[in-house]
Amino acid sequence: MARTTMSFMMLMISGSLFAAVGAPCRSQAGCAKSEQCILEFNQGYCASFGCSEKNACAPDAKCMSVEGENFNVCLKQCIKNSDCRSGYSCHSGGVCLALDA
């Protein structure tokens, strides 16, 4: 029983090490399994594609439709600039995007 509990705790700890939406990445391996690394963003950006009312984003992310494209993407949700990582700011849509975006 103790071994099972310890294994479960290790799984929970290791699972929390995966990057969250909006985290920097250099490759797909730097993001959670359900996310993709957008290398075109400054220092990479973990994002989840295909969100909708039925396929919600993680609690700290917001579903946004991409202008001129036919898909939605989960981006890091924010209220103020300090909610975003270095090199990013909180845009009017309530998501963190690169300062030069």
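Me: Is Cys 74 buried or exposed?

Reply: Burial is judged by relative accessible area, where buried means under 20%, exposed means over 50%, and partly exposed lies in between, with a 1.4 Å probe and protein chains only. Cys 74 has a relative accessible area of 2%, so this residue is buried. Please keep in mind that this is a predicted model, in which local features need pLDDT of at least 70 and side-chain atom pairs count only at pLDDT 80 or more, while totals for chains, interfaces and linings use all residues. Residues are numbered from 1 along each chain as its sequence is written, and side-chain values use heavy atoms, with hydrogens and water left out.

Me: Which residue does a disulfide join to Cys 74?

Reply: A disulfide is a pair of cysteine sulfur atoms within 2.5 Å. Here the partner of Cys 74 is Cys 57, with an S to S distance of 2.0 Å. Cys 57 lies in the loop between E2 and strand E3 (61-65), whereas Cys 74 belongs to strand E4 (residues 72-76), so the pair ties together parts that are 17 residues apart in sequence. Helices (H or I, at least four residues) and strands (E, at least two) are DSSP runs, numbered from the N terminus. Cys 57 is also buried, because its relative accessible area is 18%.

Me: What does the torsion about the S-S bond say of Cys 57 and Cys 74?

Reply: The torsion for this pair is about -90°, so the disulfide of Cys 57 and Cys 74 is left-handed. For Cys 25 and Cys 37, whose sulfur atoms are 2.1 Å apart, the torsion is about 95°, so that disulfide is right-handed. Cys 25 lies in the loop between helix H1 (2-15) and E1, and Cys 37 in strand E1, so this pair ties together parts that are 12 residues apart in sequence.

Me: How many disulfides are there by this rule?

Reply: The count comes to 6 disulfides, and with bonded cysteines counted along the chain they follow the pattern 1-3, 2-4, 5-7, 6-8, 9-11, 10-12. One of them joins Cys 84 to Cys 96, and both of these cysteines are buried.

Me: Which residues does Ser 89 touch, leaving aside those up to four places away in sequence?

Reply: Contact means heavy atoms within 4.5 Å. With those sequence neighbours not counted, Ser 89 touches Asn 81, Cys 84, Val 95, Cys 96, Leu 97 and Leu 99. Ser 89 lies in strand E5 (residues 88-90) and is buried, with a relative accessible area of 12%.
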